[in-house]
Amino acid sequence: MASEAKLETDGTAAPNDSSNASMAPAENGASAEVKAEKKARKEAKAAAKKAKAEKSVARQVAAKAEVKPAGSSKKALAKQEAEAKRAQEAEEMRRVTEAALATPKGQKKDFGTEMPKGYDPTYVEAAMYSWWEEAGYFTPGDDLAAPNFVMVIPPPNVTGSLHLGHALTTSIQDTLARWHRMSGRNVLWVPGTDHAGIATQTVVEKKLQRERGVSRHDLGREAFMGEVFKHVEQYGGNICSQLRRMGASTDWGRQAFTMDANLSAAVREAFVRLHGEGLIYRENRLVNWDCRLRTAVSDIEVDYIDVPEFARIAVPGYAEPVEFGVLTSFAYRLEGIDAEVVVATTRPETMLGDTAVAVHPDDPRYKALHGKFVVHPLDGRRVPIITDAELVDPEFGTGAVKITPAHDPNDFEAGLRHRVDGVDFINILDDDGAINARGGRFAGQPRFQARETVVAWLKELGLFRGRAGNAMRLGLCSRSKDVIEPVLKPQWWVACAGMAADACAAARDGRLRIEPRENEVTWFRWLEGIRDWCISRQLWWGHRIPAWYISLAGEPPSAPGGPSEQMDRWVVAPDEPAARAAAVARFPEREVSLAQDEDVLDTWFSSGLFPFSVFGWPRSTPDLARFYPTSLLETGHDILFFWVARMVMLGMKLTGEVPFHTVYLHSMVRDAHGRKMSKSLGNVIDPLHVIEGISLQGLHDTLSGGNLDAKEVARAKAGQKADFPDGIEQCGTDALRFTLVGYTSQARDINLDIKRVVAYRHWCNKLWNAVRFAMLNLGEGFVPPPGHAPGAAPAPDQAPLPCRWVLSRLSAAAEAVVGGLIAYEFAAATHALYDWWLYRLCDVFIELVKPAVSGGSEDERRAYRETLWICLDAGLRLLHPLMPYVTEELWQRLPRAAQPPPPPSIMLAPYPAAEPAWADAAAEADMAFLRAVVEQTRSLRADYGLTVRDRPKLFVQCTDAPHAALLEREAGPVGTLASAEEVEVLGSGQAPPPGCGRAVVDGFAGSTSVALLLVDVLDPAKEAARLQDKQAKLGEHMAALEQKMALLSYEGTPADIKARDADLLARTRAEAAAVAAHMQDMQAML
C-alpha cells in the first residue's frame, strides 16, 4: 500500500513521510509509468478538493460580509456564523431526508449518497421498514434442517394505540427475533390483534351516543355489530402501523385477528370439545358485575383501591359522591323471643338479600341460639342462625355475621356449605344495579340510594344500632370506574383444577420454563389454589357462545339467564343445525324451539387459544405441524395468570402439548418517579412522541377528547409541565428500544426517565460519527482483505497492541452479549455493547487510529484500517437486534469486497460470536496498565483545569522493568490518549524537571508515577491562589464533618450513615492532600 499524503488544515497536501519514501522500490519501465499516472490522478484529485474547499471558504467569507453589521463584536459575529452554519446544516439534512422519504415504497433506499454530517432519526428510518417487509426478510427460511424460533405477539387491542408497555414488549421480542434470525434459525414471529370485547364495545357505544345520540339497544344487535366492524376497519390498522414504526420484524403475511373466521372456528371447536368433556358447564354462581356496562368482568378488569373511613367517592351514574368506609350496625329480632342479634355491614342495602345469620359454634354468647331463627323485617321471612367456624371470628365485632349468599363471595361459600340448613340465595339487584322486586318497598331504587333509604327505614323500625368508620378496599371496573357488585348469575364456567395441575406438572418437569425463575413460586401458588373461570360476558361484540336454549311447546316459558332458567335445557354445538339435531335427539317426541345464548365469551378465552389457532387449529395445517409448539412467550408479569396460565392450560388440553417452551416475564414500566402510568397524572407517554418528539403544548393537546374531567385535566397538565417543561426531544426508534431493553432486569418495575432515551439518541450520533470517521480514514480504495467477510474471524497475527487489544475486547463483548441474550439478561447484553462501543472502540481505539493512519508505517496503517473495519462490521452486527435502523444504515455504507457478495441486509448477516483466536490476555493486561497511566494523567489535567488545547509534555517513571519497556514501545498511543505533546519515560535515578504536577498510578507491579510539565501552560501564581481557596473550603468541610462525628449524640446514628460519613471524610482528606501537593508544585514554579 502506497504511503498517503496528509491533508493539512488549510486543505493542502503535506509531503510524504520520508521514512515511508525510503522504503519504496525503485521505479522503472511500465511500473514507473503506471505509478506516475496514479500520482497524476491523485494530484489532480487533491487539486480539485483544494479548489472546492477554497470555493466553500469564499462563500462563507461572502456570507459573513453580507450579514456583518457595523460595529459587530467578535462574539456576536461568531454567534451569527454558528447560527448560519446550523441553518445550512439543517437545510442540507432536510434535503437529504426528503430524498430518502421519496424512495418508492418497498424499495431499498440509496445508501451510496454522501453521508450526512450527523445522525437524524427521520432520515435514517426513512423507507427502511417497507424495504425489509417487501423483501420478505421477516418470513421464516425454507431450510427445514435449521432450527426454528417461533413467537406469537401478545395481541394488543385492535382499536388501541401503543403505550410504553407495548413498546417494551415489542423491543424485547424483536431483539430476540433478529438475534435468532442472524444466528441461522428459521424465525417466525406472528403478529395479531385482539378484538378486546369490553374495551372496543365501550368505545363504539360512547361514539354512537356522542355522535348520534343512540345506544346499541336502539340499533339492535346486527346493526350494532356492523358499526363495530366499521370502527375496527377504520382504526384497527393504527396499532399495526405503530408496531412497524417500532421496527417489529413480524411476518405480516400471517397476521391474525381474534375475530377472523379461522380463529372464530377454533373458539367454537374449543368450547364444544371442553363442554363435551365436562370441563365447561353452566351454573348459577357469583360474578364480578359491572352495573354500568351491564356485564360480568374478569378479575383482571377489577382495580382495588384503599378507602379511608367516611370517604365520599364519585360513582358513575350518581350526581353526588357516595359514602364508603362506614360500618353500619343493626339488629335482627329473634323469632318468638324478646331478644335480638346485632350484625354489621359496609353495604346496608344487601340486608334485603340476607338469608342467614352466622355465629361461631364455640362462642358461648350464642350457644342457646343454635338452630333458632331471626325475622327479616322486610317480609317477615324466617332467617336461620347457623354456626360456621370457617367464616366467623368471635373476637370481631359482635361475633354475629349477616349472610348474603347472592352478593358476597365469602357468604356464597357459606351458603353452599349450609344449604341443608335452609340458607337461600336471593339476588336483589337487576342488571342496572337497581333493587329488583325481591327488595319489596325499595324496588326500583338505585343501589346506593337504597343504601341510604334502608338505613333510614331501620331507624324508623328501631333496629339501627349505630355506624363507625371502617377503612376498606373497594373494587372498581378498570373500564367504567363503576363499583363492582358481586352478583349471582347463571353463567358458563370452565373447570380449571385438572388443567391447572397439568400446567404445574409441566413447570416442574421442565417442559415449561418460566423466567425469571422466582415467578415459578407465584405460578404454583395461583394454579394450586385456582377457582373455576367464568367465561360468559353480557356483550354483543365478541365470540357468541355456541350454546342454544331449548324451549318445549306447551310448557310455561322459561328465560335463559333468569330465575326460571332450567340448566338442563342447554345444548352445545358448533352451529345451529347441529344444535337442532341434538335438541331433537334429546326430546324426540316434542316440538322444540332454540334460542342461542345472547352472551359472548370472555376475550381471554379466544386469546388463550392464540398460540395454536393462528396456525389453523383445529385443522391439521403445514404451519401447525412446522411451527407449533412455539419457542417463547414474552409478556408482562401482570398477566401471568389471566393469559399465560390459560394458554398453557388450554394448549395442553386441546393439543396435548405445552404451547411454548419458555415464558419470559418482563418488568412493568413506570415513570421516572416510580409512579404507575396514569392519564390523570399526565405521565402516560406515547412511544411515538418519544420517537418523533412533541412540544409541551402537543402533550397538553393529547388530554382533550378523553374521559378526564376538568380537574383531572388540570392536574395532568401540571404533571406534564413538571416532567417535560420543553416537551420531549425527538429520539428515534433505536434510542427508545435500546433504553427499554437496557432497563429490563430481574426487577419488577422499570422507572423510565426520558432523559436516558435522549442520552442514547446522542450515542447514536457517536456511532454515526465513528463510521463517518472510518469512511474518511479507510480511504476510498479500501477493500476488506480475504477472510474478512461477515462472520469470518482471521487471527490478528502480530498486529499493533491496540489492534490486538480491541479485537480481544470485541470477542469478549460478543461472548457477553450472546450470553446475556441466551439467559434473558438483557441489561447485561446492553451494558456489554455500550461499554465496548463507547469505552473501547470510540474513546480508545478510534482515537489511536487517527495518528496511526496519518503518520504510521504502511504495515501499521493497514493493520489499523483492517482492524477498524472488522470492529465496525462486527460491532454493528452485534448491535443490530437492539438498534435495527441505525445499524442497517451504517452497515450498508461500509466498504465491501466484491466476493463473496455480502448479504443484502444486516439482518441476514451472521451474528458475531466469541473468537478464540482474538482472545489475548497479555494485550489486555498491557492495555490495562497503559490506560491506567492515561486515566491518572487525565485526572491530573482535570485537577489543574487544563483545556483540550493544552498539551504539556508528560514524564512517566516506572520501577517495573517490563512496564517501563511497554511504556517506551507505546509512548505514542499513551501521548495521544493523554493529550500530551510528548511522552518521556524516565530511567532509574532520573527525576521530572521542576514545574511539574505529579500523581501516582496505583494497582500495578513496581512504582509508577506521572508528571505533567506545567511551565508556560499555567500561571503558577493564579493557580496557587485558586488551590489555596480550594484548600480552605476543603478544610471547612473536613472540620464540619469531624465536629459532627465527635458529638456524643452521633453514637446513635445509623450504621449506614456513619459509613457514608466516614467515606466522605476519607475522600475529602485525600483530596485535600492532593491539593496541598499541587500547591507545593505551583509554589516551586514561582
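Tutor: A salt bridge here is a side-chain nitrogen of Lys or Arg within 4 Å of a carboxyl oxygen of Asp or Glu. Please keep in mind that we are looking at a predicted model.

Student: Is Glu485 buried or exposed?

Tutor: Glu485, in strand β18, is paired with Arg447, in helix α13, and the two residues are 38 residues apart in the chain. The closest N and O atoms of this salt bridge are 2.9 Å apart. Buried means under 20% relative accessible area, and because Glu485 has 3% relative accessibility, Glu485 counts as buried.

Student: Which residues are linked with Arg447 and Glu485 in a network of salt bridges?

Tutor: Arg447 is itself buried, with a relative accessible area of 2%. Besides Arg447 and Glu485, the network of salt bridges links Arg347 and Asp482.

Student: Which strands are the edge strands of the open sheet?

Tutor: Four strands form this open sheet with mixed pairing, and their order is β31-β30-β33-β32. An edge strand pairs on one side only, and this holds for β31 and β32.

Student: Which strands of the sheet does helix α30 touch?

Tutor: Helix α30, residues 921-943, packs on the sheet, and its direction makes about 40 degrees with that of β33. The strands that helix α30 touches are β30, β32 and β33.

Definitions and conventions
Residues are numbered from 1 along each chain as its sequence is written. This is a predicted model: local features need pLDDT of at least 70, side-chain atom pairs count only at pLDDT 80 or more; totals for chains, interfaces and linings use all residues. Side-chain values use heavy atoms; hydrogens and water are left out. Two strands pair if DSSP finds at least two bridges between them. Contact means heavy atoms within 4.5 Å. Axes are lines fitted to C-alpha atoms, for helices over the stretch in contact, and angles run from 0 to 180 degrees between N-to-C directions. Buried means under 20% relative accessible area, exposed over 50%, partly exposed in between (1.4 Å probe, protein chains only).
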